[in-house]
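Please look through the sequence and the model shown here with an eye to the aromatic side chains. How do their rings pair, and where do charges sit over them?

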Amino acid sequence: MYNAETISKVLKGELLQHTGAPEIEHIVLDSRKLNFAETSLFIPLVSARRNAHQFIEELYEKGVSNFIVSESIDLQKYPNANVILVKDTLQALHALVAWHRHHFHFPVIGVTGSNGKTIVKEWLYQLLEKDHNIVRSPKSYNSQTGVPLSVWQMKPENDLAIFEAGISQPGEMVNLEKLIKPTIGIFTNIGEAHSEGFLNIRQKINEKLILFMKSDVLIYPKDYLALNECVLNFHNQVGKRETDKAIQLFSWSRKTDADLRIISCDKNTNHTRIDALYKGEAMHINIPFVDEGSIENAINCWALMLYLEIPHATIIDRMDRLGNIAMRLELRQGINNSSIINDSYNSDMGSLSIALEFLQQQRQHPNKTVILSDILQSGKSDFSLYEEVAALLEQKGIQKLVGIGRNISREKRIFQQVLGLKSSFYQSTEEFIQQFNPQDFVQETILVKGARVFQFERIGKLLEHKAHQTILEIDLSAIAHNITQYQALLKPGTKLMGMVKAFSYGSGSFEIANLLQFHGVDYLAVAYADEGVDLRRAGITMPIMVMNPEPSTFDAILQWNLEPEIYSMHLLNRFEEEVRASNKVNYPIHLKLDTGMHRLGFEKKDIPELISQLKEHSAFHVKSIFSHLAASEDPEMDEFTRRQGSLFREMSADLQKALGYPIIRHISNSAGIHRHPELQFDMVRLGIGMYGVDNSADMQAKLKNVSTLKTTVAQVKKLAVGETVGYGGKWTAKVPSVIATVRIGYADGYNRCLSNGKGQMLIHGKLAPVAGVIAMDMLMLDVTHIPEVKVGDVVTVFGEDLPVQQLAAWADTIPYEILTGISQRVKRIYFQE
Ligand SMILES: *Cc1c(COP(=O)(O)O)cnc(C)c1O
């Protein structure tokens with residue numbers, strides 16, 4: 001597409017080295033997301049935490065030969081690379097993409113707002129794909145780095161673009177406006193809730209409106225009063241500033257006069273009829289959704305279609321067929337000990353490469369399989385399209401491809417030429433299902449990826465384990481987000497140890513470790529050796545500390561390269577015998593010091609003996625010295641915590657000095673990280689915070705909810721006054737009552753002490769108290785006040801809207817115990833936004 005010389009000129013950069021490498025097609029910002037090395041340009045971004053220049057060497061080795069840098073690098077190490085020097089790499093990225101955008105003159109729809117951006121964007125794609133060759137943001141790529149990557153995908157063969165823009169603080173939209181330059185704007189809505197980074201709601205709206213500075217038209221819902229006011233102001237200002245024409249406004253309202261006046265919304269069991277007046281004419285649509293969010297999103301899309309003058313019959317037809325949007329990638333347990341990633345809503349190159357990245361992160365099975373439908377609407381010839389797909393599969397190390405559809409089958413030869421890729425092809429989903437043999441899918445991770453028309457959810461059903469209806473959902477992106485929140489509090493260079501003991505606080509084992517490995521966490525810690533062995537078996541290669549190394553597991557520790565915590569002289573001697581017997585030297589160990597917790601660890605008086613033992617033998621290499629804070633979260637104990645800190649400083653300094661080589665020191669857990677920054681030393685150990693729970697309200701506000709425990713209603717019963725519920729008849733109906741039996745009991749980890757009104761669950765957004773005594777597998781809820789409850793309804797035990805802290809308070813315990821107590825028979829489902 002572009003060569004390095006051109007790009008250098010555009011950026012007014014300095015072409016430090018020019019070798020005439022192949023033209024540049026792809027931009028890479030994250031070294032882990034490299035697909036096409038030869039034609040990629042790496043732009044290393046620099047933040048307070050991370051300087052991506054450190055990945056240049058790795059990418060060069062993988063075949064990348066185009067780089068934009070903002071600091072000097074040793075050119076001799078990269079003889080075949082084009083290297084452009086600029087002042088600031090993020091600005092360069094924005095400038096380059098703005099220049100790219102400049103080449104295209106077809107309509108561009110820009111979407112912003114508090115909620116619904118991604119749904120509106122994806123629905124517009126569904127509604128307009130028949131008429132246009134559309135380029136759009138992959139998933140929710142709407143940030144300072146997501147938008148440039150989206151806009152960079154614009155190609156001459158497209159004739160319509162849909163991009164979303166999201167901001168988190170003032171000053172960001174100016175950049176995104178230059179990149180997107182929307183000709184048509186949609187402002188989906190504005191939320192009153194937390195405006196972090198903004199003074200107030202108006203400031204937030206005005207900042208978002210900057211996106212539409214140069215747009216021809218702005219579509220927006222008038223019923224948000226603050227939004228309406230700001231839009232009218234904006235209209236006046238923009239009208240005056242720009243010498244040419246003012247922006248046209250296209251408003252819609254359910255309450256007052258507007259361009260599109262909504263008269264009524266009639267909800268039936270599974271669809272909603274929306275009636276409206278437009279230019280004096282009565283019209284309607286039906287959508288297959290009944291929730292308020294979907295209705296609002298659909299009206300925003302409707303307004304756009306009216307603006308584009310799409311015939312009314314076409315609008316009705318397409319609205320009626322709007323589909324669900326897969327907002328997230330999910331990992332589920334599948335047949336024959338396999339894992340399934342089900343992404344059966346769309347297929348295009350952008351979402352395929354995102355899904356493949358998610359697949360690649362999963363290391364639990366060495367074999368990876370992709371079941372892929374035809375890719376629709378790419379604008380390329382089938383041959384070059386599937387050549388690109390084949391290259392992607394090869395690059396991601398996929399062993400098996402099942403191609404479904406006429407087009408992909410026609411190009412099967414391309415895939416048969418890929419080394420090490422087994423492939424089979426079917427003309428249709430039906431044909432695949434008829435010939436399906438479960439034994440063809442054993443102990444592998446399977447990505448199911450198909451366009452909607454292929455109905456791959458039917459394949460998902462064949463492959464997935466029939467789940468017990470109580471499930472624990474784990475949001476992997478939330479864990480990644482939470483890690484970033486704590487990382488931001490660390491001094492530069494401080495390492496991070498991820499605590500994955502006790503089945504990662506109940507949330508999973510290799511699934512979480514995979515994620516932490518992918519996100520560059522430095523160390524893992526487990527409680528027992530067998531937890532570490534499981535992680536090694538699942539392909540986790542990073543260092544793992546074992547906190548409770550029993551002598552009976554020493555051989556496993558050595559065999560799997562696990563690193564024991566040594567907390568006593570006895571343990572030191574026993575382990576030394578074992579290491580000697582295996583003829584190893586410099587085996588990594590971690591020394592635990594007791595600074596006040598009085599659980600495990602060497603005390604101050606033990607240090608001289610410890611030193612002389614360690615100096616005598618070469619069996620060990622002390623990787624780290626650490627201790628544990630007993631009350632880091634408690635302000636009243638701060639004096640105690642500080643004393644632990646200084647004792648640790650003293651003891652570790654003695655050891656350090658005597659051993660004479662660098663040793664990592666660490667003492668802080670989650671609460672310690674933000675409450676005692678002076679105790680971060682060389683590494684911190686992050687546990688509960690990563691899983692979305694923190695004792696301090698400030699920190700909690702920055703975290704995202706990770707785990708959601710859900711169950712379903714098995715039966716609903718009406719009780720007359722005086723009838724009782726459950727074992728022992730401990731609950732009596734005082735008024736005519738309705739009781740819902742749900743599929744969770746104390747064997748799932750729902751503590752029996754929550755019986756009889758102490759615990760509550762959420763149904764249809766309302767709290768329902770436990771009625772009677774909790775049984776092993778079931779319990780009853782009093783839902784008398786929630787008339788809409790029916791069999792099959794989903795019940796939230798804890799999650800975003802009912803925090804696990806609340807449940808812990810009801811049960812008179814701490815969130816740690818609730819999370820780790822959810823039994824293994826509850827299926828875990830992992831997803832990524
Ligand atoms: C569990 C544990 C942690 C993590 O504590 P959180 O409060 O969950 O962050 C840190 N260090 C040690 C030794 C632990 O056992």
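The report below describes ring pairs and then charges over rings.

## Basis of the report

This is a predicted model, in which local features need pLDDT of at least 70 and side-chain atom pairs count only at pLDDT 80 or more, while totals for chains, interfaces and linings use all residues. Residues are numbered from 1 along each chain as its sequence is written, and side-chain values use heavy atoms, with hydrogens and water left out.

## Stacked pairs

The structure holds 22 aromatic pairs, where rings of Phe, Tyr and Trp (its six-membered ring) pair if their centres lie within 6.5 Å, and planes under 30 degrees apart count as stacked, over 60 as edge-to-face and the rest as tilted. Tyr505 and Tyr691 are stacked, because their ring centres are 4.7 Å apart and their planes stand at 25 degrees. Tyr505 belongs to helix H18 (residues 501-505) and Tyr691 to the loop between strand E29 (683-686) and helix H26 (697-702), so this pair ties together parts that are 186 residues apart in sequence; helices (H or I, at least four residues) and strands (E, at least two) are DSSP runs, numbered from the N terminus.

Tyr505 is buried, with a relative accessible area of 8%, and Tyr691 counts as buried at 4%, where buried means under 20% relative accessible area, exposed over 50% and partly exposed in between (1.4 Å probe, protein chains only).

## Charges over rings

Arg136 has its charged end over the ring of Tyr125, 3.6 Å from the centre, the criterion being NZ of Lys or CZ of Arg within 6 Å of the ring centre and within 35 degrees of the ring normal.
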